[in-house]
Structure formats: C-alpha cells, structure tokens
Amino acid sequence: MENVTSTAAGAERLRLARVLGPAHVWALGVGIVLVGEYMGWNFSVGKGGMIAGLMACWVAGLLYTCVAMIDSEVTSTVAAAGGQYAQAKHIVGPLMAFNVGLFLVMAYTMLEAANAITVGFLLDTVAGMQGQAGLNQQPFIVLSIMFLAWLNYRGVLATLTFNLVITAIAFIAIIALFVSVQLGASAVPLDFSAITSDPLPYGWVGIVASLHFGLWYYLGIEGTCQAAEEVRSPARSLPYGTMAGIMTLLIAATMTWYICSGLIPWEYLGQAGTPLFDAARITGNTGLMVLLFVGTAFATLASANGCINDASRAWFSMSRDRYLPSWFGAVHPVYRTPYRAIVFLVPIALIFALGAPLDQVVTFSILSGLLGYTFMTFNMVMFRNKWPLDKIKRGYVHPFHPLPTIVLLILCSTAYFAVFLGYGTQLSAMMCFYIVASLWFHFRRYKFVRRGDQFTMPWPKPNGY
Amino acid sequence: MWNILEYAAWALSALFGLLMIADLVRIDTTYDNELLISSREGEIEATAERHEI
Amino acid sequence: MAYEPPKQSLAGQIFDVVTLLVLTIGALYIPLYLGLAGAAKVPNPIANPTWESLGQNATEQQQWAALGITDPAAANDIITARFDYSFSWSSLIIMAVLVIGYFVMVVRLSDREYREVIEERFGTKRR
C-alpha cells in the first residue's frame, strides 16, 4: 500500500503524500507572495516618496535573496514539514522551535485573513461600479476561506496545482500590463517627473520608513520549505523552487514599481488599495482593466491558499512533537493531509478576517515574518558551527558565508526601526506576547515533550556538545 | 443580483464547512486515533536521503 | 534513563489550546482597544488649491482625471497628507531592549533544553 509506510517494529504509520515537484514549490512560494505586488507594497511609496519606494523594493529584494539562500541551504538538509520550525528544533533548541512555529502560524494566518478581507473589498468595488452600493462583504470573506480550506483538506496535489495555474495567470497579467504600456497601449503617458521635482519628501528617514512595506513585495517566499515532506525530491526541488521564486518576484516587483510610479501620481499611489488595478484603469484600456482585476483576485486567492497550506503544516508539526496537543498531529488516511490542523485554523482565520482592521492584521503578519528572518541569521551561523561543511552533506550550499547572514542581520535591524516609526505599540505588544508564550512553553508545556524524539535527522552528534 | 450572490456565498460556505466537519467526524470514528497520529518527522529521511559524505 | 513525559488529559489539551488563543487574540486586540494602534497620515490642506499650487504637472493632471478626480480640491487632502516620523529615544531604547532581550532569553533557555535532547539522543546508549 502506497499511503502507509511500515517501520521496523511492523506497526503501520501514516505519512503525508509525497507528490509535489519543483513547479509546485514555485507556486507555493510565489503564490503566497505575489499578492504583495497587487496591494500593500505601495504604502512604501506613501511613507517615503517614489525613490524611497524603489530603494525599498531593491533593499528588501536583497534581504529576501539572503533569506532564500540561507533557507535553501538549511532546508535542503532539514527536509521536514514545518520548515523553519524543524530547522530551529535541530539547530537552536526546543524553545526557539516553539517560537518559530508560532511565527509561522501567526504570519500565515494573519496574511490569510488579510487576503480574505481584500477579496471582500474587491467584490465591493465591482458591485459599486455596477451600482450596488454597500455590499455585505462577510459572506464572500467566509466563502473564500471555507473553499480554500476545503481544497487543502482534500489533498495537497490538487491544492498546489490550482495555485500554480492562478499564480501563473496573475504573474502574466503583470507582464502583459508592462509590455502593453511600453508598446503605447496607455492613453496617458508615463511620467516620472516627481523623481526630480519631489525626490525625497521625508528626507532620508523616509527611505528607512518605507522599508516597512517594502517587505510586502516578498513576504512569505520562505514558505516554500513547509512543503518539504510532500516534495518528491526535497534536496533538489526546494532550493530550485525557492530560487526561481525569488527571481520571479524581483522581476515582478521592479516592473510593478515602474508601471505604477509612472502612471499614478505618487501621492495617490501611496494610499491606493489596489495599485495595479488602478494603473490599468488609468490606461483607459478595458481589456487591461479586466485582466488586472482577474490578476488581483487570483493573486489574493493564491496567497490565502498557500497560507492555509503553510500554517496548517506548521501547526501539524508542532503537534506531532507535542509542543501542542498531539490530537492535531493527525494525517488523513485517504487524502493524507494534516486535516485536523486545517479545520482548526479555519475559525481562527475567520476571527481575524471578520474582526480586525486590515493594517493591524498586516502589521502583525509582517512582524512575525521579521522575527523569523532574525532567527535565520544566528540559525545559519550555528548550523555551520555545529555541522561544518565536511561533516554532513547538504543539497545546496550557499556562497559567500557569512556575508548573507551579516547583510540579513543589518537589514532586519533597519526593518525593526522602520516598523517602530509608526507601529511601535504593536511591536511592543507582540514582543510581550512572544515573551509570555515562551515562558508558558518553557515552564508548563515542555514537560509533555519527549526529549530525544525531537531530534529526527540521521546526523552525527553536533560539534561542541 | 448581488443579494442572490450573497445568499449563495453563505450557502456554499456552509456546504464546504459541513463537508469538512462530516468527513472529520467520519474519519475520527472509523480509524483508531493511534494510527491517525502515527506520523513521525524524519521517517522519509531514513529511507530516501542519508546525509553522509 | 530517557525522560518519560506524563500523559496529558483531554481537558488539559483543550485548556492549553485555549490559553494560546487568548494570548494571541489579546496581543492583537489590546492595543486596538487602548487606542494606541496605527500611524495615520495628517492632511495639511492648502487654501484655494489649484493643480499648479499642489505641484501637479500636465501629465499628472491627466492621470488624476483618469482616476476620476478632476477637481483639485478633492485631491487636496491626499496630496498634502504627511506622516510624522518624530519619535522619542527612550521608547526606541525600550523597544531595542525588548527585542534583543527576547532573543537572548529564548536562545539561552533553548540551549539548556537542547543539551538534554542531545544527551538523550546521542548518550551512551544510541537508540
């Protein structure tokens, strides 16, 4: 039987289905992130002006290239569902792993809620254009979460193939917009005069501040390694899919900045809800408008879909180790998905999607992501120290170590400062949350965990222990 | 038109929710819980990839 | 001798999940209820706005028109709104201490737990 593996003891065990290829990894990574090009990134222009927006786009791009490189090396070696969570468990220790698991669940569940809110907003806009003011957005928010959760419940292959299709369409929509504007499809010309007439409306601090939302271009690309237990050949597919993903995003992000900054006055762009759709509206071309509307809707759904996938894998892995109640660590015997984790996270996402304002949810998500990137820096150093290159074989070795780690740490510190400018209270509240949760785990929850069983990789003993 | 869509969305949400819950209950009562939570991290590692030089 | 964890009752499992949920929702909603959340732009509208006095050139005026805004007065608030980036050094230091202290605490406690794990996994008797 293919869906059951047997162990030496002869007991039957369930496992997740190993069915995915590199294209699915790409779809998972880019699918979660591409929505950032359709909404949210443009607040960076509002926080610092047009040039600051472009700087933020590339600086954040550099940050995420470091993330992708570091992550590819570690995850091509620690190939387990839960991604960074399993990395932390093997390299830093249990409490760090618990925190990383929480970062992942929080970042993805919040992002999922933000996406559902955007679906509601988008449909409200369309209904408004058809003369139906005051659409009740709630049923559509609930429906998008329910449908995608059901899809995830039914199996990972269908879920990520669906993601592959809609992500590709959303990506092509950006390229189509870029190309057609270059070929003169726009009724209004591109105008970059604000770069010279109003270069840095906030001075240099504006560039730092804009980095807060510059992260939004790429946030979530690290989610690719959640699929590690479901990929056919993790050591090859994960680095490949992740690197292809970050390249796609760098291209898409730069094109998006160019088109939107050229077509939309920066003061408007800095507060727009759906910048690419607005750019298409300005061109006056109905075909482009429809295409970018579809792109926005698909990018949003793809992101929510990937988030459900990733958050449930993280929750599932933590439960499997009894960091959380073991009841959640179940695999569906037919669909082979972590079905209890998927169902449990649905009402959580609904609470945030229906109850909290969008910018709060987004900030909570960005902050959880940022904490995760900070973790990656010392995680990488410890990984190389405990298991040097000649001690275990890695699927991928990233170049120039420790340069990417140092760059990542500097950029993370800058990003904390950027978030602090304006969202200091949330940052403090969230740090308090993670501190309390850590103490709770260390003093109460950890007693239910089997010590030796947490280390599952067939590696030699780490150096220095 | 949009009013009908709202009701349709509610109905579909309820349908997907019920499908999931019903299946969850069915699986939980059919199979032994010990089997369902028998998945272990790293088992694949033992068979597929050995990190040796 | 390997550490044998106690078996957790169903009620205990539910209690633990509820604790985590309360913490999460608290962290999100408490700043909201205290009215401390969010950084809003403050508009500084100018008197008798024209496109020229708002600094919009001919192409930009076309772009505003395509977005459905033809009256400069309607764009006044959007164009003149600015963030306030002043901050106090003391709150910056408090935040830095919180973030760094948090990571130091987590890594130190983790290391203590990690030594137990390695001890049990690679101890005298390999499993």
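Me: Hi! Between which helices of chain A is the loop where A:Arg336 is found?

Reply: A quick note on conventions: residues are numbered from 1 along each chain as its sequence is written, while chains are lettered from A and ligands numbered from 1 in the order written. This is a predicted model, where local features need pLDDT of at least 70, side-chain atom pairs count only at pLDDT 80 or more, and totals for chains, interfaces and linings use all residues; side-chain values use heavy atoms, leaving out hydrogens and water. Helices (H or I, at least four residues) and strands (E, at least two) are DSSP runs, numbered from the N terminus. The loop with A:Arg336 runs between helix 13 (286–320) and helix 14 (339–355).

Me: Is A:Arg336 buried or exposed, and at what relative accessible area?

Reply: This residue also has a positive phi, near 55°, without being a glycine. Buried means under 20% relative accessible area, exposed over 50%, and partly exposed in between (1.4 Å probe, protein chains only). A:Arg336 is therefore buried, at 10%.

Me: And what is the relative accessibility of C:Asn48?

Reply: C:Asn48 sits in the loop between helix 1 (10–33) and helix 2 of chain C. Though not a glycine, C:Asn48 has a positive phi of about 45°. C:Asn48 counts as exposed, because its relative accessibility is 69%.

Me: Which residues of helix 2 (residues 58–66) of chain C are buried, and within what arc do they fall?

Reply: They are C:Thr59, C:Glu60, C:Gln63 and C:Trp64. The arc is taken over the directions from the helix axis to the C-beta atoms. Looking down the axis, these buried residues line one face of helix 2 of chain C, because they fall within an arc of 145°.

Me: Which helix of chain C do those buried residues pack against?

Reply: Contact here means heavy atoms within 4.5 Å. On chain A, the partners are helix 8 (194–197), helix 10 (234–263), helix 11 (266–269) and helix 12 (275–283). On chain C, the partner is helix 3 (72–80).

Me: How far from the sulfur of A:Cys307 is the nearest cysteine sulfur?

Reply: With a disulfide defined as a pair of cysteine sulfur atoms within 2.5 Å, the count over all chains is zero. A:Cys66 is in none, with the sulfur of A:Cys412 its nearest at 9.2 Å. A:Cys307 is in none either, and its nearest cysteine sulfur, that of A:Cys225, is away by 14 Å.
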